[in-house]
Amino acid sequence: MKGLTICPTPLGNLSDISKRQLETLQNADIILCEDTRSTGKLLERLEIRRIDGVPLLWSYHDHNESQRLVSIMESLSEGKKVVLVSDAGTPTISDPGFRVVAQARLEGFPVVALPGPVAAMVALSASGLPSDRVLFEGFLPAKRGERKKRLLSAKESAATVLLYESPKRLRALLEDIGEIFEESPIVVGRELTKKFESYYSGTAKEVLLKLPDPVKGECVVVISKTSKQVDHVDAKKLVHQLAKAGVNPKSIRSVVREHYGVSKKDIFNWLEELKS
Ligand code: SAM
């Protein structure tokens, strides 16, 4: 297809490539990739032959995206088929690509995305944790203070939280999750779709004991909320809704306490938050 196509690639198992992904890569004029060498190898393994160097492989990453954007837009205006891939999984999901997609849309070029693997979704679907509401946080900041702030804010939501982390930092992340989410059930999915694929579940503290030391391989963390935490989040929302609708504090206390059994002090604090 002319225009920009976002093309996921396997997370680790080559058999996960789809027929459409293969055809798209085969018919591309230009493939934008994070690393031309690894994508070149992937094309070889998929038996996609480049005739006279076509598809062209253009590196596209955070450090060269501004300069690349001009030539990519020129190629799109010449009617070229430009395909965006990343090293593994779906481009733009904790991977480069957002700006080229935004620019192509802004300039009115056709943009489509093929369906394909996202590590967070693979882990979520196998986790057995609630998947009706999801908060994808990707990589949290490496600095502990900032990471904890983001975890505290994620805890405010009733949604199941999805995180990416490098194996080197996974233990530190799980320690922080243990402090903040306490008894909440979590699942760590490691090396998904690969030979040593494994899942570890329990509280963060339990998972820390089950994981090999050092942790090797790529990991996704899925955090659920205990029903008590979910009730707290819902109760707070109801307090805010009732207060904004002009219901008096006494009636709010009686309705919310009857429904959720939360303390008067919590309700007082949530009402105070609205004043600040
Ligand atoms: N775009 C990718 C996707 O669609 O999932 C994510 C790229 S991000 C730079 C890399 C992170 O994704 C890893 O650090 C890890 O947290 C997660 N990841 C990627 N592949 C994985 C796998 N096979 N098993 C577990 N986690 C994986």
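Student: Which hand does the crossing of α9 and α11 have?
Tutor: The crossing of α9 and α11 is right-handed. A crossing is left-handed if the near helix is turned anticlockwise from the far one by less than a right angle, and right-handed if clockwise. Helices here are DSSP runs (H or I, at least four residues), as are strands (E, at least two), numbered from the N terminus.

Student: Before I go on, what kind of model is this?
Tutor: It is a predicted model, where local features need pLDDT of at least 70, side-chain atom pairs count only at pLDDT 80 or more, and totals for chains, interfaces and linings use all residues. Residues are numbered from 1 along each chain as its sequence is written, and side-chain values use heavy atoms, leaving out hydrogens and water.

Student: OK. At what angle do the axes of α9 and α11 cross?
Tutor: Roughly 50°, and the axes come within 10 Å. Axes are lines fitted to C-alpha atoms, for helices over the stretch in contact, and angles run from 0 to 180 degrees between N-to-C directions. So α9 and α11 are oblique to each other. Under 35 degrees counts as roughly parallel, over 145 as roughly antiparallel, 65 to 115 as roughly perpendicular and the rest as oblique.

Student: And how do α10 and α11 pack?
Tutor: At about 130°, with their axes 10 Å apart. They are therefore oblique to each other. α10 passes α11 in a right-handed crossing.

Student: New topic. How much space lies in the largest pocket?
Tutor: About 480 Å³. On a 1 Å grid over the protein atoms alone, a pocket is an open set of points where a 1.4 Å probe fits, with protein on both sides within 12 Å along at least five of seven lines; lining residues have an atom within 4 Å of a point. The volume is the space filled by probe spheres set on the points, which are joined across faces, edges and corners.

Student: Where does the largest pocket lie?
Tutor: Domain 1 (3-113) and domain 2 (119-226) both give residues to its lining, so it lies between them. Those bounds come from an automatic or database domain assignment.

Student: What about the second largest pocket, what is its volume?
Tutor: About 380 Å³. It is lined by 15 residues, and K155, K228, Q229, H232 and V233 lie nearest its centre.

Student: Which helix gives the most to that lining?
Tutor: α9, with five residues. Domain 2 (119-226) and domain 3 (231-275) each give at least three residues to the lining of the second largest pocket.
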